[in-house]
Amino acid sequence: VKQYKVGSGDTNNYLLLEKIASTGKPIIISNGMASQKEIDKTVSFLKNKKSKISLLQCYTSYPTLPKQWGLNEIPLLKKKYDIPIGFSDHSGNIYSSLAATALGAEIIEFHVCFDKEIFGPDTKSSLTISQVKNLTAGIKEIKDSLSVGSVNKDDKTLNSIKDIFS
């Protein structure tokens, strides 16, 4: 594998993290079941190992309701840890991941199913193939829109926009 993804249940499994860190490969950590203190300790532990790490904002509920997404955490985590921050989505729709992208998420993780009516524990919290296509197109457009500087904006408008993302 090119990199490792550690589920939130293993966020503080330091024996596992030690083994993964020893490979020198990038590590993605999900924070869904971890407390803030545990996340702080894990990020510090992996930074001390000189690991290249990313952290996914996550809420471990299937499907996740909008009030549980925790999107407001994305800019806070980016600022606090100075590492790539992503979003692990279990909502079953594309809206949360699109919003996460606009807020600076650099990684989007989600479950996929062929049909939401088939039996399975994750189908209601998964995306269908057509939703993945729409999500991908939306993320590309959002990324393109964020890469362009402001045009014909007065200082008051620019400051309002900057306040939203700071």
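Colleague: Hi! Do α4 and α5 run roughly parallel or roughly antiparallel to each other?

Modeller: Helices α4 and α5 are roughly parallel to each other (under 35 degrees; over 145 is roughly antiparallel, 65 to 115 roughly perpendicular, the rest oblique). This is a predicted model, with local features needing pLDDT of at least 70 and side-chain atom pairs 80 or more, while totals for chains, interfaces and linings use all residues. Numbering starts from 1 along each chain as its sequence is written, and side-chain values use heavy atoms, without hydrogens or water.

Colleague: Good to know. What's the angle between those two, and how far apart are the axes?

Modeller: The angle is about 20°, and the axes are 9 Å apart. Helix α4 covers residues 95-102 and helix α5 covers residues 129-146 (DSSP runs: H or I of at least four residues for helices, E of at least two for strands).

Colleague: Which residues make the contact?

Modeller: On the α4 side they are S97, L98, T101 and A102. Helix α5 brings L135, G138, I139, I142, K143 and L146. Contact here means heavy atoms within 4.5 Å.

Colleague: And which residues of α4 are buried?

Modeller: S96, S97, L98, A100 and T101 are the buried ones (buried is under 20% relative accessible area, exposed over 50%, partly exposed in between, with a 1.4 Å probe on protein chains only). These buried residues pack against α3, β4 and β5, as well as α5.

Colleague: What follows α4?

Modeller: That would be G104, which has a positive phi near 110°.

Colleague: New topic: E109. Which strand is E109 in?

Modeller: E109 sits in β5, residues 108-110. With 23% relative accessibility, E109 counts as partly exposed.

Colleague: Which residues does E109 touch?

Modeller: Not counting residues up to four places away in sequence, E109 touches K5, L56, F87, S88 and D89. With K5 there is also a polar contact between the two side chains, at 3.3 Å (an N or O pair within 3.5 Å, one able to donate a hydrogen and the other to accept it).

Colleague: What about C58, how far is its C-alpha from that of E109?

Modeller: Those C-alpha atoms are separated by 9.6 Å, with the residues 51 apart along the chain.

Colleague: Now the backbone. Where is the cis peptide bond?

Modeller: Look at Y62 and P63: a cis bond joins them, with omega about -10°. P63 is in the loop between β3 (53-58) and α3 (73-81).

Colleague: I also noticed K50. What is its phi?

Modeller: K50 has a positive phi of about 65°, though it is not a glycine. Most residues other than glycine have a negative phi. K50 lies in the loop between α2 (36-48) and β3.

Colleague: Is K50 buried or exposed?

Modeller: Exposed: the relative accessible area of K50 is 74%.

Colleague: And D82, what does its phi look like?

Modeller: D82, also a residue other than glycine, has a positive phi near 55°. D82 is in the loop between α3 and β4, and at a relative accessible area of 68% D82 is exposed.

Note on methods. Axes are lines fitted to C-alpha atoms, for helices over the stretch in contact, and angles run from 0 to 180 degrees between N-to-C directions.
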